[in-house]
Amino acid sequence: LAHVEEALGTKILVADAMYRLTGTADGYRAVAIDDVATIANDLCACGALPVCIAMYAAVGDNDYFADSARGQALADGFAEGCRLSGAAWSGGETQTLKGMVVPGACILGGSALGRIAPKSNRIAGNVQDGDAIILLASSGVQTNGLTLCRALADRMPEGYLTRLGDGRSYGEALLDASVIYVSFVAACQEAGIPLHYAAHMTGHGWRKLMRLDEPFVYRIERVPPPQPVFALIQAAAQLDTKEMYATFNMGVGFAVFVAPDDAGRALDCA
């Protein structure tokens, strides 16, 4: 069995801002999926498939959930995240914490129980020299670096409504729901592909690929193009490319390490 407890962070503040600017509550559905993704993706990185996921929400006042559009969007998103994770929504806890949480704000988190079956599916970090690194695409920023992203919106003349190169707004792009990678890990297990290591690419960007104790050299032979939102972030924050890859996922949300002979089959599973 495996257990994970996680929290979303500040991305819900982007949904709050876009709700005020556009009048649509769709962003809350996306951040609820994000909340599940932070939990489920960490869980499957050790080879555990989620059995049940519980949601935690803390608000500063009861009026937050009196908004039916917002409340329904959050519920729909969490349910969709559980469906994408193959897990049951096992309830959770909703607290009103006056004096601790700012009125009009919501803190999202949760936990999950997962099962590794058989035990040989456990991903323990037994990477071998010459292993292949398979990168799976992100949807965009996903759940990391949102404090900086929000600060940048304050510097832009049009804020979250600033247009990207693809015509979408900055706020829309930030709210793209995270990809949930559980089905990929499950497919690899079903195919009998031993996963030597898995990395959920959240904090610390691509440095997450290098967390093993062994002094390996990591070579990425094909770097996928990042989504347009990253170009705007880099220009607005005046960060060099090295720092961007050390901070953001830059278009990659999950990575697995497999034996070279299994690389093709892993790509087929993806």
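Which element gives the largest share of the lining of the largest pocket? Hold that thought, I'll come back to it.

Quick housekeeping. This is a predicted model, where local features need pLDDT of at least 70, side-chain atom pairs count only at pLDDT 80 or more, and totals for chains, interfaces and linings use all residues. Residues are numbered from 1 along each chain as its sequence is written, and side-chain values use heavy atoms, with hydrogens and water left out.

Okay, sheets. When I say helix or strand, I mean DSSP runs numbered from the N terminus: H or I with at least four residues for helices, E with at least two for strands. Strands pair if DSSP finds at least two bridges between them.

There's an open sheet made of three strands, ordered 5-7-6, with antiparallel pairing. Strand 5 (132–137) and strand 6 (197–200) are at the edges with a single partner strand each, so one side of each has no neighbour in the sheet. On average, neighbouring strands here are turned by 15 degrees against each other, direction ignored. Strand 5 and strand 7 (residues 252–258) run antiparallel and are joined by six bridges; have a look at Leu136, which sits opposite Phe254 in strand 7.

Helix 2 packs on this sheet, touching strand 6 and strand 7, and its direction makes about 165 degrees with that of strand 6. Contact here means heavy atoms within 4.5 Å. For the angles, axes are lines fitted to C-alpha atoms, for helices over the stretch in contact, and the values run from 0 to 180 degrees between N-to-C directions.

Helix 2 has another partner, too. The axes of helix 2 (residues 26–44) and helix 3 (residues 68–85) come within 7 Å and cross at roughly 35 degrees. That crossing is right-handed, meaning the near helix is turned clockwise from the far one by less than a right angle. Among the residues making the contact are Tyr28, Val36 and Ala40 of helix 2, and Leu74, Phe78 and Cys82 of helix 3. By class, there are ten nonpolar, three polar and five charged residues in this contact. Nonpolar covers Ala, Val, Leu, Ile, Met, Phe, Trp, Tyr, Cys and Pro; charged is Asp, Glu, Lys and Arg; the others, Gly among them, are polar.

Next, the four-stranded open sheet: order 1-4-2-3, mixed pairing. Strand 1 (2–7) and strand 3 (88–96) are its edges. Strand 1 runs antiparallel to strand 4 (residues 106–115), with six bridges between them, and Ala2 has Gly114 as its bridge partner in strand 4.

Now, pockets. We use a 1 Å grid over the protein atoms alone; a pocket is an open set of points where a 1.4 Å probe fits, with protein on both sides within 12 Å along at least five of seven lines, and lining residues have an atom within 4 Å of a point. Points are joined across faces, edges and corners, and the volume is the space filled by probe spheres set on them.

The largest pocket comes out at about 710 Å³. Its lining has 26 residues, with Ala132, Ile133, Arg219, Ile220 and Glu221 nearest the centre. And back to my opening: strand 5 gives the largest share, six residues. By class, that lining is 17 nonpolar, four polar and five charged.

The second largest pocket is about 270 Å³. Of its 15 lining residues, Asp42, His200, Thr202, Lys208 and Arg211 are closest to the centre. Here strand 6 supplies the largest share, four residues.
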